[in-house]
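Welcome to a short tour of a protein assembly.

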Amino acid sequence: MTCLCFLCVSRDYDELSSIMAVCIAVIAKENYPLYIRSVPTQNELKFHYTVHTSLDVVEEKISSVGKALADQRELYLGLLYPTEDYKVYGYVTNSKVKFVIVVDSSNTSLRDNEIRSMFRKLHNSFTDVMCNPFYIPGDPIQSKAFDSMVSAMMVQAC
Amino acid sequence: MSRQSNRTSDSKKMNSELFTLTYGALVTQLCKDYENDEEVNKQLDKMGYNIGVRLIEDFLARSSVGRCHDFRETADVIAKVAFKMYLGVTPSVTNWSPAGDEFSLILESNPLVDFVELPDNHNNLVYSSLLCGVLRGSLEMVQMAVDVRFAQDTLRGDNVTEIRMKFIKRIEENLPAGDE
Amino acid sequence: MADEALFQFLHNEVIQYVYKSAENGEMENGRCITRLENMGFRVGQGLIERFTKDTARFKDELDIMKFICKDFWTSVFKKQIDNLRTNHQGIYVLQDNKFRLLNQLSAGKQYLEHAPKYLAFSCGLVRGGLSNLGVKSIVTAEVSVMPACKFQVMIQK
């Protein structure tokens with residue numbers, strides 16, 4: 001056990017300060033999941049529910065008509081809502097695809113620019129998936145490259 | 001966030017992305033039209049040939065290369081001028097056969113396969129087969145019959161893409177080139 | 001630019017392929033046009049995904065159409081749309097006075113009947129791009145005087 005934990009920490013040596021997600025989801029514009037990965041030791045259904053609930057908040061944030069706020073034009077939506085144990089962050093692409101990142105609340109070294117950077121990586125990889133001619137838009141994402149990128153951002157089970 | 005992000009470099013990149021994505025759409029269309037990968041490879045090669053016999057004129061008009069005196073010179077022109085001009089990459093020329101009639105082009109990156117991940121059911125697909133046809137067709141127009149094939153392919157797990165080119169024979173000028 | 005030439009050659013070859021495989025099968029002209037358009041559609045989806053990765057969120061439909069006319073057209077067709085007209089009820093007409101993909105076609109009137117083949121893929125590009133931005137449309141194009149071309153976008157609600 002101790003041996004495994006050691007591997008977990010030293011693997012991302014240059015990213016020791018990064019946030020690790022407990023759940024990452026990609027939701028199609030029609031609001032069904034294209035990709036959802038959560039830390040295997042947790043109750044997955046709970047995460048699915050959390051992601052599902054967050055979509056309402058996303059809709060609210062992006063459909064505010066008449067608001068002249070500058071940040072309304074941003075793709076990054078920031079903290080959607082905190083729950084007791086988790087913080088949920090959102091991001092919407094211009095193609096109306098939503099990314100949701102769920103982070104453990106106890107992760108105290110939360111930095112906004114780190115979350116933004118995670119979303120950027122997600123967005124870049126998702127764009128690559130869209131440009132894979134063998135990928136049919138709307139299908140679940142099944143890409144090794146995408147999987148690796150997400151793995152690097154997830155809490156590793158020790 | 002401004003939309004006017006670095007227009008010139010974006011334009012050039014967009015252009016190669018247009019080509020890459022269009023090629024991808026073609027390959028997937030062929031995969032739908034033909035039952036097996038070998039047929040798709042053949043079609044891509046044929047289409048590449050048709051492009052090659054016309055591309056050579058464009059190439060000769062744009063570049064200032066004169067007649068190549070030997071196969072080595074041809075290899076250099078292909079790698080350093082043609083590939084650079086059309087695909088923006090410069091493969092290295094290596095693995096010459098002792099007779100000097102065969103060489104390899106090693107591409108660290110192949111723009112045709114940007115973003116491509118081959119699904120499991122296409123193990124025999126040589127995705128970039130178009131390139132073989134293009135090279136064969138264009139060289140035929142300058143009186144060289146060559147054989148071109150992929151020896152390594154990053155899409156199939158290799159570290160680099162390797163195109164192997166072999167000189168077969170000189171084509172007599174008065175023979176019309178066969179259009180497939 | 002040389003790689004522009006490469007795309008043009010590929011585009012032509014794709015058209016030849018679609019029509020040649022129609023000869024062997026039972027496809028008529030309409031089906032070929034549809035096939036080309038569908039290929040363009042998928043490419044348009046990918047292109048727009050890449051291209052709007054770093055832009056701000058669009059305000060409304062007109063904002064999107066302006067983007068198509070300026071940024072998208074410039075990147076894909078090397079110039080902006082020359083004239084955009086709309087009836088403000090979901091119909092947009094985009095005029096390109098020198099459409100890049102018609103270069104290959106000679107200017108004679110007898111070639112006009114072939115123009116739709118050379119426009120189908122581009123119509124798909126636009127429709128695919130719009131679709132991925134959440135705008136459903138029908139895109140058609142016509143050539144009256146070479147090399148000028150009018151694209152008509154009908155937004156579907």
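This is a predicted model: local features need pLDDT of at least 70, side-chain atom pairs count only at pLDDT 80 or more; totals for chains, interfaces and linings use all residues.

With a relative accessible area of 25%, A:E74 is partly exposed. A:E74 forms a salt bridge with A:R116, with the closest N and O atoms 2.9 Å apart. The two ends come from distant parts of the chain: A:R116 sits in helix α3 (residues 112–130) of chain A, while A:E74 belongs to the loop between α2 (44–62) and β3 (76–82) of chain A, 42 residues apart. A:R116 has a relative accessibility of 31%, so this residue also counts as partly exposed.

Over all chains, a search of the whole structure finds 21 salt bridges. As a general point, side chains of opposite charge can pair when their charged atoms come close.

Is C:D96 buried or exposed? At a relative accessible area of 0%, C:D96 is buried. C:K79, by contrast, is partly exposed at 22%, and C:D82 is partly exposed at 40% relative accessibility.

| A:E74 | A:R116 | 2.9 Å |

## A buried strand in chain B

Now turn to chain B and its strand β2 (residues 102–107). Six of the six residues in this strand are buried, so β2(B) is largely enclosed by the rest of the structure. In a regular strand the side chains alternate between the two faces of the sheet. In β2(B), B:E102, B:S104 and B:I106 point one way, B:F103, B:L105 and B:L107 point the other way, and all are buried.

Which strands pair with β2(B)? One is strand β1 (residues 92–94) of chain B, which pairs with β2(B) in the antiparallel sense over three bridges; here B:V93 has B:L105 as its bridge partner. Another is strand β4 (residues 161–170) of chain B, which is also antiparallel to β2(B) and pairs over six bridges. In that pairing, B:F103 stands opposite B:M165 of β4(B).

Charged residues meet in this region too: B:D101, B:E102, B:R164 and B:K166 are linked in a network of salt bridges. One member, B:E102, is among the buried residues of β2(B).

## Where chain B meets chain C

How many residues does each chain bring to this contact? Chain B contributes 37 residues and chain C 35 residues. Between them the two chains bury about 3,400 Å², with 67% of that area on carbon and sulfur atoms.

On the side of chain B that touches chain C, α1 (7–33), α2 (37–62) and α3 (71–87) of chain B each supply at least two residues. Of these, α1(B) gives the most, with 18 residues. By class, that side of chain B has 18 nonpolar, nine polar and 10 charged residues.

B:T22 counts as buried, at 1% relative accessibility, and touches C:F7, C:L10, C:V43 and C:F121.

## Where chain B meets chain A

The contact of chain B with chain A takes 16 residues from chain B and nine residues from chain A. About 950 Å² is buried there, and carbon and sulfur atoms give 63% of it. On the chain B side, B:T28, B:F115 and B:E117 lose the most area to chain A, together 55% of what that side buries.

Across this interface there are zero salt bridges, but three residue pairs are in polar contact, both residues at pLDDT 80 or more. The side of chain B that touches chain A has 10 nonpolar, three polar and three charged residues.

Notes: Residues are numbered from 1 along each chain as its sequence is written. Chains are lettered from A and ligands numbered from 1 in the order in which they are written. Side-chain values use heavy atoms; hydrogens and water are left out. Buried means under 20% relative accessible area, exposed over 50%, partly exposed in between (1.4 Å probe, protein chains only). Helices (H or I, at least four residues) and strands (E, at least two) are DSSP runs, numbered from the N terminus. Two strands pair if DSSP finds at least two bridges between them. Contact means heavy atoms within 4.5 Å. Buried area is the accessible area (1.4 Å probe) that two parts lose on being put together, summed over both. Ala, Val, Leu, Ile, Met, Phe, Trp, Tyr, Cys and Pro count as nonpolar, Asp, Glu, Lys and Arg as charged, and the others, Gly among them, as polar. A salt bridge is a side-chain nitrogen of Lys or Arg within 4 Å of a carboxyl oxygen of Asp or Glu. A polar contact is a pair of N or O atoms within 3.5 Å; within protein, one must be able to donate a hydrogen and the other to accept it, and residues adjacent in sequence count only if both atoms are side-chain atoms. Lists of a residue's contacts leave out its neighbours within four places in sequence.
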